[in-house]
Protein chains: 2
Amino acid sequence: MPRMTEIVADRGARLRREIRRRRIHGLLVTDPLDVGYLAGFTGEDSWLLAGAGKGCLITDFRYAEQAEAECPDFTLVVRRAGLVEAIAPVVRRKGIKRLGFDPDTTTVSLLSRLRKSLKGVRLVPVQRIVGGLRTIKDRAEQQAIRHAVGVAEEAWAAFRKNVRRGMTEGRLAAELDHQMRLAGADGPAFPTIVGVDASASKPHHHPGAKRLRRGSVLLVDFGAKVGGYVCDLTRVLFAGRIPSHARKVYSLVYEAQAAAIARVGPGAVLSEVDAAARRIIADAGFGEQFQHGLGHGIGRQVHEAPSMGPRDVKGRLEPGMIVTVEPGIYLRGRFGVRIEDDVLVTAKGHEVLTHVEKDLEMMVL
Amino acid sequence: MPRMTEIVADRGARLRREIRRRRIHGLLVTDPLDVGYLAGFTGEDSWLLAGAGKGCLITDFRYAEQAEAECPDFTLVVRRAGLVEAIAPVVRRKGIKRLGFDPDTTTVSLLSRLRKSLKGVRLVPVQRIVGGLRTIKDRAEQQAIRHAVGVAEEAWAAFRKNVRRGMTEGRLAAELDHQMRLAGADGPAFPTIVGVDASASKPHHHPGAKRLRRGSVLLVDFGAKVGGYVCDLTRVLFAGRIPSHARKVYSLVYEAQAAAIARVGPGAVLSEVDAAARRIIADAGFGEQFQHGLGHGIGRQVHEAPSMGPRDVKGRLEPGMIVTVEPGIYLRGRFGVRIEDDVLVTAKGHEVLTHVEKDLEMMVL
């Protein structure tokens, strides 16, 4: 495993190539997730100025000590005034005349303040420079996501032991979140979804007061966030027995997911991976009950590029991408089934990173 | 207590006055916190178009049912395409020629896409319309924050009972967060800060592996998020005994906080409330060890306007504002003390909303 400084150096080299390609002299990075990715910095309220020599991290007294330890290869500027004011002398010193910024993460107000502070500097909108780099997970990132998966899986095993009938969705979500923390998570990757019966038919249900009963279908969509990286998985459990209609729906979703996972590999068109699952569900007459896309990238955020839906006809999977594969069937007012795993695209095919049991007979509580 | 529809109607009336005053025909509201505030909607990925008649909520199939129940007085548009595309026909139908947007929450990319989609409509940046309204908490909001305080206080009592020496900061934070969930919180208002001894000297410490020992100083900064509203409080506990230097520092922070709280009332200049605490700390020779502002507003977010620091010489407190009052003294490498309560500005003075014990003799574990 390379050391963090080498990893950061490699990300920096890829960034500098992009900076040259986009014909700018430097890039202002303001999104904390991007700053963390490029500098290995874990604090907040700090910006990165990349290009034109050594990268420069602009931070404040709260993070000075931490930045020194985490970012040995960056010039540190400990600001006393605001970030916009602190950046101006650095840009000037570096002689940057064309400074790129990310229009997807820069607000209209911030751009207007930067323009005032950086007179004489051309501010150039350049989309998805860092986002583009982040789509391909390097070895350190793959390891971080594997680690998050391990934490989530340990928590899931403890959670299954602690599930009791009579618990509310809210209580069940609290239990799983607590188990993730005890297993080493900094927190849940996103608000954990716990849906019992009819609640499970809403793809983004907020856990409420509905209680688990014998014969209930329990859908749980969860992930751990550890060291800045997340995982994302969904499992469906059955309390005591499997209703016969649920058995059929579960098997169908299971089959659809397997078909899609089989299609994951370098060069696969995104919409075609989606179609592999969707076709099976639609052919069985449930096309209208699967209204969301098949999956999405994960990394520092739970929703990253690429998106894998029916409309994503242009993009292709590349080695290093990590995507969720999560088909579902939602029967309004009754129940829903979604099965979700995280899959790494490898040079030759794919590797499923999540190993939590999902065979139907294993899902009975 | 007025019903939610009346509260939303009142917020709408205040918004329409602002829309007229800013000489626009309508306002596009894209920030989910603002949409929730104005429409009573608790879902995501939905925008509000206010002004020019009945308010219009643009949402999608996932939230259609929920929006119908939560927003009876709004026209609902269940979009099939993207938000930017869905908004255009609504703006045209309403005959809006000057449409306001918030430059603080609108990205450069979004504005550019809106411009393309809304040809012939003048997009006018109007700062802090909804943010301004949200600074003054109405009765429903005050009640929501009181409720969050109640949840946090119940959790704190349970947490104190469960603290054991030998626990790490991370474990302690997990315990408090779990107690907040069990007491009814949707989650922590922000990542809970737990600092033992030297860690407590960093105002934004991330809980780590440091363990609580006899004689340790334990700083805990936490808050509950319930129904979209938060509280924010800090307490310092002592494991077994109070080190004599910590006793002196604690008393000083306690005195400084009391002096600042006494100044909270309608018309008080923000920086003067800060100065009331800062003067006491500086006079005792700890001015350099109190480097952050005295406090900030709370509401849907943990940091809202107004900010109460030494530079906030222009603004004044107004009835309905709810602010934190949180002076601190941080002795690098040794320990830190911060005491934080949430205070409502009333017509005649103030009301402290948080009632967790803070007298020194009560803080020994």
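I began with the crossing of H7(A) and H8(A), where H7(A) passes H8(A) in a right-handed crossing (left-handed if the near helix is turned anticlockwise from the far one by less than a right angle, right-handed if clockwise). Helices here are DSSP runs of H or I with at least four residues, numbered from the N terminus.

I noted that this is a predicted model, in which local features need pLDDT of at least 70, side-chain atom pairs count only at pLDDT 80 or more, and totals for chains, interfaces and linings use all residues. Residues are numbered from 1 along each chain as its sequence is written, while chains are lettered from A and ligands numbered from 1 in the order in which they are written.

I then looked up the geometry in chain A. The axes of H7 (residues 139-162) and H8 (residues 169-182) come within 8 Å and cross at roughly 135°; axes are lines fitted to C-alpha atoms, for helices over the stretch in contact, with angles from 0 to 180 degrees between N-to-C directions. H7(A) and H8(A) are therefore oblique to each other (under 35 degrees is roughly parallel, over 145 roughly antiparallel, 65 to 115 roughly perpendicular, the rest oblique).

I turned next to chain B. There H9 (residues 244-263) and H10 (residues 270-283) pack at about 155°, with axes 8 Å apart. H9(B) and H10(B) are therefore roughly antiparallel. I recorded a right-handed crossing for H9(B) passing H10(B).

I listed the contact residues (C-beta atoms, placed from the backbone, within 7 Å): among them are B:Leu252 and B:Arg263 of H9(B), and B:Glu272 and B:Ile281 of H10(B).

Key. Helix = DSSP H or I, 4+ residues; strand = E, 2+ residues; numbered from the N terminus. Contact = placed C-beta atoms within 7 Å.
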